[in-house]
Amino acid sequence: MREITYRQALNEALAEELERDPNVFLMGEEVAEYNGAYKVSQGLLDRFGPRRIIDTPISENGFAGLGVGAAMVGLRPIIEFMTFSFSLVAFDQVVNNAPNMFTMSGGQFNIPITFRGPNGPAHQLGATHSHATEPLYANTPGLKVCTPATPRDAKGLLKTAVRDNNPVLVLEAELLYSSKGMVEPPDEELLIPLGRAEVKREGSDVSIICYSQTVPLALATAQKLEDEDISAEIVDLRSIKPLDERAIFDSVAKTHRVVIVEQDCPFCGVGAEVCYRIQKNIFDELDAPIIRVSQEDVPMPYNERLEKAVLPSADRVIAAVKKVCYA
Amino acid sequence: MTSMQPAEQRDEVEMLSLMLLIRRFEERASQQYQAQKIGGFCHLYIGQEAVVAGAVAAVRDDDYIITAYRDHAHALARGTSADACMAELFGKETGCSRGLGGSMHFFNRQNHMYGGHAIVGAHVPLAVGLAFAIKYRDEDRVTLCFFGDGAINQGAFHEALNLAALYKLPIVFICENNLFAMGTSVKRSTSLKQIVDRAEGYDIPGEIVDGMNFREVRDKIAEIVSSIRKEPHPAFIEVRTYRYRGHSMSDPASYRTKQELEKYRLDDPITRLRAQLTREGKLTNEQFDQLDKKAKETVLASVKFAEKSPQPPLDKLYDYTYANGAVEPGMSPEKSKGLAADTAATTE
């Protein structure tokens with residue numbers, strides 16, 4: 001194992017999959033000559049050439065659709081959105097064409113495509129550039145959605161996504177790109193299955209269920225809770241769809257108390273689904289009502305203080321944990 | 001039609017019989033729709049037969065074709081049986097999309113018919129993707145992308161043309177201009193005097209073709225395709241045609257006059273090709289009657305086939321949501337297959 005950044009981990013995943021399969025290509029805005037808006041594709045043009053690392057105009061609906069069409073005849077496109085906020089311009093292709101094709105054609109055309117890029121709020125980007133799109137896409141049958149929080153998960157999930165025979169969204173996070181973590185060396189194949197959560201920290205008093213940017217938040221909060229003698233277990237979903245029910249239920253059966261910390265907005269959000277499944281399947285395991293900590297239900301304000309107030313925070317997580325623990 | 005046959009050798013009598021098959025199929029579909037055997041929306045191609053027939057006659061069978069929702073004819077033209085097409089309209093398991101697609105979503109992978117797409121303009125980027133794959137693999141195929149005059153004001157259309165021109169992709173954009181996007185005439189929807197000028201904005205060569213004349217459509221597309229095979233590039237043709245029926249089965253087409261319709265009926269594409277062949281001594285009246293009889297019989301048989309075909313089984317409801325064979329290490333096949341079923345738990 002060695003320590004690399006989340007950005008490097010993604011870069012390695014891309015390079016390894018491009019190397020392994022000639023049907024894989026990377027397409028998006030600024031991915032080639034500019035080396036990526038967030039430098040995730042650094043060096044790939046030099047290594048793989050312009051046939052496989054392809055700059056596009058600012059034309060998300062067009063190039064997302066191009067990717068779906070190419071996937072119909074067996075290519076395996078990786079389509080980068082500069083941010084998933086811009087994927088909304090291509091919503092029709094991602095929601096209507098990619099996941100529906102397999103059904104509509106009676107199973108004749110599966111679409112092996114990966115859509116990837118940063119998702120969720122970053123820092124003072126304002127309402128149009130801060131969307132957490134996971135509930136939108138998880139609500140669409142035919143799509144798979146994963147949300148890596150660590151460099152290791154970023155690499156392993158992206159590689160798996162590229163090999164999947166269905167449309168998969170890899171929702172990265174701008175604020176995680178420079179974060180560091182331990183990852184297997186490049187000569188060791190790292191594939192992390194979709195639909196497998198990971199307990200990032202063992203605990204006994206409360207299960208904090210989180211994903212993407214809320215994972216580092218939850219881990220930091222767990223340290224603070226430790227000082228107050230509350231032992232928090234951190235369950236990183238890693239994939240929103242498929243959802244790893246087993247891992248969630250195992251943790252809840254152990255702690256009997258649940259706080260869901262999600263990076264999206266509350267109404268019909270990821271936490272609502274997780275919450276439903278827990279009460280439906282293991283109601284008797286619960287010693288307290290589940291609490292969700294999410295964004296506030298408002299378009300993201302630019303003002304820094306207000307943005308902080310909208311986002312899940314350590315204070316809000318601690319308050320929620322104390323409430324479910326009756327502490 | 002054998003594979004790889006050059007356009008000029010395609011038998012014109014055979015193409016006439018294809019046009020007859022399309023017309024008789026659509027007439028029968030209309031009747032079955034009215035008898036409530038067919039659900040949803042149903043858009044008929046009657047009047048436009050020379051467009052798709054001319055196009056498929058101009059290309060090889062391994063070239064890619066893709067179209068919008070008025071797609072029955074394109075599936076038939078690509079060798080999909082009338083049985084499979086009618087069964088799809090009936091929503092039966094034997095349909096060309098297993099009864100899961102319906103009228104607007106006909107597919108035939110084996111014969112390179114890539115749909116059947118119901119969101120106006122949304123398949124034009126897909127077509128560009130097919131053409132991208134051709135160039136990526138250094139093949140000499142061509143993609144034919146059909147769409148209506150209604151598609152040319154959609155953003156997806158414009159983005160797709162720009163990408164095709166930018167990447168110099170082997171694709172022919174075929175605008176089937178039947179003068180109306182649903183009930184809105186081109187004059188009321190499009191700022192240009194002629195649609196073909198859209199292509200000029202993307203530095204794509206464009207031409208106007210008489211869509212009621214099979215030979216003109218075929219020869220123009222054959223000429224363009226031969227140029228594309230030498231050096232990949234996009235091209236655009238505005239094919240001027242006319243649909244005799246309303247936009248869909250529920251549209252009485254009261255936005256146009258009887259005189260206008262009659263004018264086009266007099267220029268019927270089937271009548272015209274028949275007259276050309278008869279004049280040249282390649283077809284007798286008896287032969288024509290035989291072809292028409294055969295088309296009617298084929299279509300009638302397809303209704304019987306569709307009627308007696310089974311419904312798609314309920315227990316396969318989740319089989320076509322996610323493709324199997326996904327590489328998910330550690331995930332059991334049952335789990336992978338059951339993914340869709342798991343996610344459905346909320347709807348109990």
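Analyst: Domain bounds come from an automatic or database domain assignment. On that basis, chain A is divided into domain 1 (2-183) and domain 2 (198-324). The centres of these two domains of chain A, taken over C-alpha atoms, are 26 Å apart. The model is predicted: local features need pLDDT of at least 70 and side-chain atom pairs count only at pLDDT 80 or more, while totals for chains, interfaces and linings use all residues. Residues are numbered from 1 along each chain as its sequence is written, and chains are lettered from A and ligands numbered from 1 in the order in which they are written.

User: How many residues of each domain of chain A take part in the contact between them?

Analyst: Two residues are in contact if their C-beta atoms, placed from the backbone, lie within 7 Å. Here domain 1 of chain A contributes 23 residues and domain 2 of chain A contributes 25 residues. Helices (H or I, at least four residues) and strands (E, at least two) are DSSP runs, numbered from the N terminus. On the side of domain 1 of chain A that touches domain 2, the elements giving two or more residues are helix H7 (134-138), strand S6 (144-146) and helix H8 (151-163) of chain A.

User: Which elements of chain A give two or more residues to the side that touches chain B?

Analyst: The contact joins 43 residues of chain A to 43 residues of chain B. The elements are helix H3 (60-72), helix H5 (91-97), helix H6 (101-104) and H8 of chain A. H3(A) gives the most, with 10 residues.

User: Is H8(A) buried or exposed?

Analyst: A residue is buried if 20 or more other C-beta atoms lie within 10 Å of its own, exposed if 12 or fewer, and partly exposed in between, with C-beta atoms placed from the backbone. In H8(A), 13 of the 13 residues are buried, so this helix is largely enclosed by the rest of the structure. Across chain A, 60% of the 327 residues count as buried.

User: Which residues touch the most other members of the largest nonpolar core?

Analyst: A nonpolar core is a set of buried Ala, Val, Leu, Ile, Met, Phe, Trp, Tyr and Cys residues joined through C-beta atoms within 7 Å. The largest has 202 residues, and those touching the most other members are A:Ile208, A:Val259, B:Val128, B:Leu130, B:Cys145 and B:Val172. Leaving aside neighbours within four places in sequence, the contacts of A:Ile208 include A:Ala218, A:Ile234 and A:Val259.
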